[in-house]
Amino acid sequence: MPYALCFLLFVIGLYCAVVKKNMVKIVLGILIMECAVNLFLVMLGYRHDGVAPIIDRAYYDPGTGQIAAGFINNSVDPLPQALVLTSIVIGLGSLALMISICIRIYEKYGTFDITQIRRLRG
Amino acid sequence: MSIPLPVFIAIPLTTAFVLPMFGAKGKAAATVVANLATLSLLALAIACIGQSGVYEVGKWPIPLGINLVLDGLSSLMLLAIGVVAAGAMLFSAGYMERYTAKSKYLSLFLLMVAGMNGLVLSGDIFNLFVFLEIASLASYALVGFGCGHEELEASFKYMVLGTVASLFVLLAIALVYGNTGVLNMAYISKAVQSSGVNAGLGFALGLFIVGFGLKAALVPFHAWLPDAHPSAPAPISAMLSGVLIKTLGVYALARVVFNVFGVSVEVGWLLIVLGILSMVAGAFLAIGQWDIKRLMAYSSISQIGYVVLGIGLGALLLARGDSLAWASLAIFGGLFHLVNHAVYKSLLFLTSGSVEMSTGTRDLREMGGLAAKLPFTRTACTVASASIVGIPPFSGFWSKLILIIAAVQAHFYWIAAVIVFVSLCTLIMYLKVQRYAFLGELPENLERIEESRGTMRVAMVSLACLCVLMGSLVLVPGLRDAILEPAVKVLTDGVKYSAIAGM
Amino acid sequence: MKGMTIIVKTISSWVKVLIFIFGIYIILFGHLTPGGGFAGGVILASSYVLLMLAFGGDFVQKDLPLALDSKLDCLGAIMFVMIAILGSVFSGAFLANFLVDKYGAPLELLSAGTIPLSNIAIGLKVGASLFLVIFSLSICHKGAELDGE
Amino acid sequence: MAVFYILLIFIIIASLIAVETTDLLSAVICIGAMGFGVSLMFLFLRAPDIAITQIVVEVLGLIILIRATISRDLTFISGDKEFFATIVSVVIVFMIFLAGLKVFETLPDFGTPIFAEVPKAASQTYIEEGLARTGAANVVSSVILDYRAYDTLGEATVLFTSIIGATVILRRTAKRKTDTLQPASPS
């Protein structure tokens, strides 16, 4: 069920990116889609009553170098978190580039409305 | 294996990171360094022919770490990228003098090359996504490099569709991870074989096809290409049409469909339908164009259709369990057409850049009689046109012939008919280019134009020579066995790819 | 871009130092606690963004010129690639952690081989590049010449 | 569990307002609210690394977005594209949603991660051996900077690419005017 809500968020973003005619709205739609995918990836790794994948002194015995079983059996999945970290950065990069293009288009055309920006025929 | 594979990424990345520091004063030095980088990549790609191997990054065994896989298909793509990148980079040395911020241009160019090289070598599905994003972001910025009205608009359109495609791919990767718990492609392949393609994986496969189809500009998803490719500077158009849509689209699609999920009849038919739609629609739309680069961009859609058609036909035959020989012939035709198209379409875009630089216009109606003024450009353009149309003995003839033979042998006579028909349309559109640009009356305002010279001429002439020689890839058995056959074998072997994962 | 009132300026010049130190902390302890090079780099960038909003662009230009910023950006990226290449020189594989077990014990600040070094490189790169883009966006409408050629 | 539903519904409402409001600045602020909701969600999902990153990225992203929308006179733009195109798009999007709903039955239930079911999963190895093999107590850190450092190299490159791209797009003069030796045709 949480997955379905997350997918709903993705679809809302897709709707916004496809239907809206304001350039900033399109960018916002893409941002929503990105957030939905990131959320979905992290949710895949969640474990009920899990612990964060960070070993602190409570779980680590410096003498033997052993990690407590309470950590090994309860930690959430670290791999999707690493992927999401990468994908957040990619999202920020593409946001910066997209907004730069938007601002330059606004300078040239004086509008954010893509229906009025029609020099090229599709 | 003699060559450490990360070199293909490390060389362009290091060069790209250093280049912006050169600034305005070191422009000449930056150009030389960038050309050296692409030439060394080409040399390395040639050295990799016939080799295969797996490289584990950071000494972590898979599936803990990421591996780089060099097989026949990867080395074929590396070779295509190397050739086109070297040619386009040589051409940009002269052509890009018209623009400012040249060192940043060179840096972006190399980043795009690094992204494509990383993509074809990657053995990990998320890593493939990361490199796909590098190449895509660099290409968005390069399409808008001129900062004019059309450039920015095309860039925005391209960027929105491209980002949506990337997010589809990312969602598909998440679904695959959720179903199998691994990210390495060989391990995914193994898991898919044991569990079968369930609803989740099927949906992921659909998302992959839509995402990579958007990047390859197959016909229902082609809206961005006719704007983006003409708007970019000519060497970038050559890169985009020549290799980018093939690497990001066709290569990734083929890898996922054949090697990870395994072929099925439905996917085979889907690819055939997409391919034929692209071929026909692209050809019809191209004939009506008067902008020379726009015409070539539509023709790219049509030509990418041939490649996808060949690969789809192969997938269909493989999935049905028909004769392996005909399946591999169809795939052979598709891949050979891919390489051919990389060479002659990039040459065509370079010649269009040369024409545009000399005449200052891209409209065919304002040109005419350029054959006397631009002899080198004219010769190169004629060679490339003859190749793309498929006049024997030029290379395009052989790849189309192979596709037709494969279609006939598989008893799809209508497909063979469509291929011949689209070839005729191609003939019409390139006759139109020859007639209006190079023959006829020279308009008065073009009396004083000059031929491009220096590195631009070298780039065009060397690519034209290569275009003539391309036929030997299929006619000389030694070359065929070294370059194309291993690539075909990678695809026909299908999910045997998972052997990389060990037992 | 003009600056804000004297109160804002005074407070933000103090807060800026705190944010900057916090960013460095996040970067250096990235291998032990939540955070890391990327988050820390963004925090470093935001400290300069705060300065820019409070004092105006010209003031920040003196403190951190765009040319230097863009060089820092390249430098961070080159550092990371160098760490990767050194891995293949010393340990035989691209991006190998060639310093692991060479110093420090687990859970100490000086430990984990190349991971803290990579964190520093990424932090430098991210901080410089994000500040660069925000600054470029903010001076764009004034018709100012960017760091082109 | 309840907290996840509350947060998800909050996020969805915020995104719906952002999509449908006619004022660009409010839309951007709603996106900010959504981002902070997502960040809280990450925190409850036991992912503090990502929560920190998301929150700082959200702040910078908001600054960038507000830079784009503020002091633009034309912020009130409402309405969609042509009616027919809108209906077609909505139907397609809705069908994708319905198709997607079936898909989630194939995933393991929420709260039971896939790596617990797969034998010898990479994630289990990271948790057990990450500290000993890489020396980093933060397992996520050991994954992104050691096991999968190649991804991070790519990620840094993506950022570098987009920043170079943004400065290229934002530069004042793009084309030189000196070398136009041909008579420009009236276009």
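## How confident is the model?

Chain D has a mean pLDDT of 80, with 87% of its residues at 70 or more; pLDDT is the predictor's confidence in each residue, from 0 to 100. This is a predicted model, where local features need pLDDT of at least 70, side-chain atom pairs count only at pLDDT 80 or more, and totals for chains, interfaces and linings use all residues. Residues are numbered from 1 along each chain as its sequence is written, while chains are lettered from A and ligands numbered from 1 in the order in which they are written.

One stretch of chain D to treat with care is residues 179–187, where pLDDT stays under 50. For that stretch the model has 15 contacts beyond four places in sequence. Two residues are in contact if their C-beta atoms, placed from the backbone, lie within 7 Å.

Chain B averages a pLDDT of 88, and 99% of its residues score at least 70. Within chain B, confidence is lowest in helix H14 (residues 370–373), at a mean of 81, and highest in helix H5 (residues 125–143), at 92. For the complex, the predictor gives an ipTM of 0.91 and a pTM of 0.92.

Chain D has seven helices and zero strands. Helices (H or I, at least four residues) and strands (E, at least two) are DSSP runs, numbered from the N terminus. Of its 187 residues, 48% count as buried. Buried means that 20 or more other C-beta atoms lie within 10 Å of a residue's own; exposed means 12 or fewer, partly exposed is in between, and C-beta atoms are placed from the backbone.

Where chain D meets chain A, the contact takes 76 residues from chain D and 72 residues from chain A. On the chain D side, helix H3 (48–69) of chain D gives the most, with eleven residues. That side divides into 51 nonpolar, 16 polar and nine charged residues. Here Ala, Val, Leu, Ile, Met, Phe, Trp, Tyr, Cys and Pro count as nonpolar, Asp, Glu, Lys and Arg as charged, and the others, Gly among them, as polar.

## Two helices side by side

Helix H4 (residues 78–109) of chain A packs against H5(B) at an angle of about 10 degrees, with their axes 11 Å apart. So H4(A) is roughly parallel to H5(B). Axes are lines fitted to C-alpha atoms, for helices over the stretch in contact, and angles run from 0 to 180 degrees between N-to-C directions. Angles under 35 degrees count as roughly parallel, over 145 as roughly antiparallel, 65 to 115 as roughly perpendicular and the rest as oblique.

Residues that meet here include A:Leu83 and A:Ile90 from H4(A), and B:Phe126 and B:Leu137 from H5(B). By class, this contact has eight nonpolar, three polar and one charged residues.

## A cysteine and a strand pair in chain B

Look for B:Cys48 in the loop between helix H2 (27–47) and strand S1 (53–56) of chain B. B:Cys48 is buried because 24 other C-beta atoms lie within 10 Å. Not counting residues up to four places away in sequence, B:Cys48 touches B:Ile3, B:Leu70, B:Ser75 and B:Leu78.

S1(B) and S2(B) pair in the antiparallel sense over four bridges; strands pair if DSSP finds at least two bridges between them. B:Tyr55 stands opposite B:Leu68 in S2(B). From strand S2 (residues 67–70) of chain B, B:Asn67 and B:Val69 point one way and B:Leu68 and B:Leu70 the other way, and all are buried.
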